[in-house]
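This report describes the strand pairing in a predicted model. Please keep the sequence and the coordinates at hand while reading.

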Amino acid sequence: MPKDRASDAAGNAKLGVRKGDTVVVLSGKHRGRRGKVIRVETDKRRVVVEGVNVVKKHMRPRGKVMQGGIVDQEAPLRRDKVMLMCPRCSKPTRVSRTRLEDGRLVRKCHRCGEVVDR
Ligand SMILES: [Zn+2]
């Protein structure tokens, strides 16, 4: 395996999506759905999107507080199945990276050229 060159000081930037981003699903059962990223699993190249890919989980009761039964929970999606929604042009976009004058590495919208990160 080649070493991941994309790794940088910005943490989860490797996948191009981060917690809190709005993404759109490109393929599969949930195609066209939009949601907020609630978790990024960088090592597995997966993201968990709010309200997308919700599965029923059968939980075993754990103690007095944790009730058992069936709960709804988002299952991770492959990162390449989703695309970042640009907050500026409101379109799904690829991201490129650029370095600001202050040295910070930020993500940039491939369509409108606006910096996505603040
Ligand atoms: Zn844009």
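Which residue in strand 7 does V23 stand opposite?

## The pairing around V23

In strand 7, the residue that stands opposite V23 is L84. This position belongs to the antiparallel pairing of strand 1 (residues 22–25) with strand 7 (residues 82–85), which extends over three bridges.

V23 also has a bridge partner in strand 2, namely G35. Strand 1 and strand 2 (residues 34–41) are likewise paired in the antiparallel sense, again over three bridges.

## The hairpin of strands 2 and 3

Strand 2 continues the pairing to strand 3 (residues 46–49), with four bridges joining the two antiparallel strands; within this pairing, R39 stands opposite V48. The two strands form a hairpin with four residues between them, and in the turn R45 has a positive phi of about 55°.

## The sheet and its edges

These pairings are part of an open sheet of six strands, whose order is 6-3-2-1-7-8 and whose pairing is antiparallel. Strand 6 (77–78) and strand 8 (92–93) stand at the edges, and because each has a single partner strand, one side of each is left without a neighbour in the sheet.

## The chain as a whole

The chain has 10 strands and zero helices, so that read from the N terminus its elements run β-β-β-β-β-β-β-β-β-β. Of the 118 residues in the chain, 19% are buried. Among contacts in the chain with a separation of 6 or more, 40% are accounted for by residues 24 or more positions apart.

Methods: Residues are numbered from 1 along each chain as its sequence is written. This is a predicted model: local features need pLDDT of at least 70, side-chain atom pairs count only at pLDDT 80 or more; totals for chains, interfaces and linings use all residues. Two strands pair if DSSP finds at least two bridges between them. A residue is buried if 20 or more other C-beta atoms lie within 10 Å of its own, exposed if 12 or fewer, and partly exposed in between; C-beta atoms are placed from the backbone. Two residues are in contact if their C-beta atoms, placed from the backbone, lie within 7 Å.
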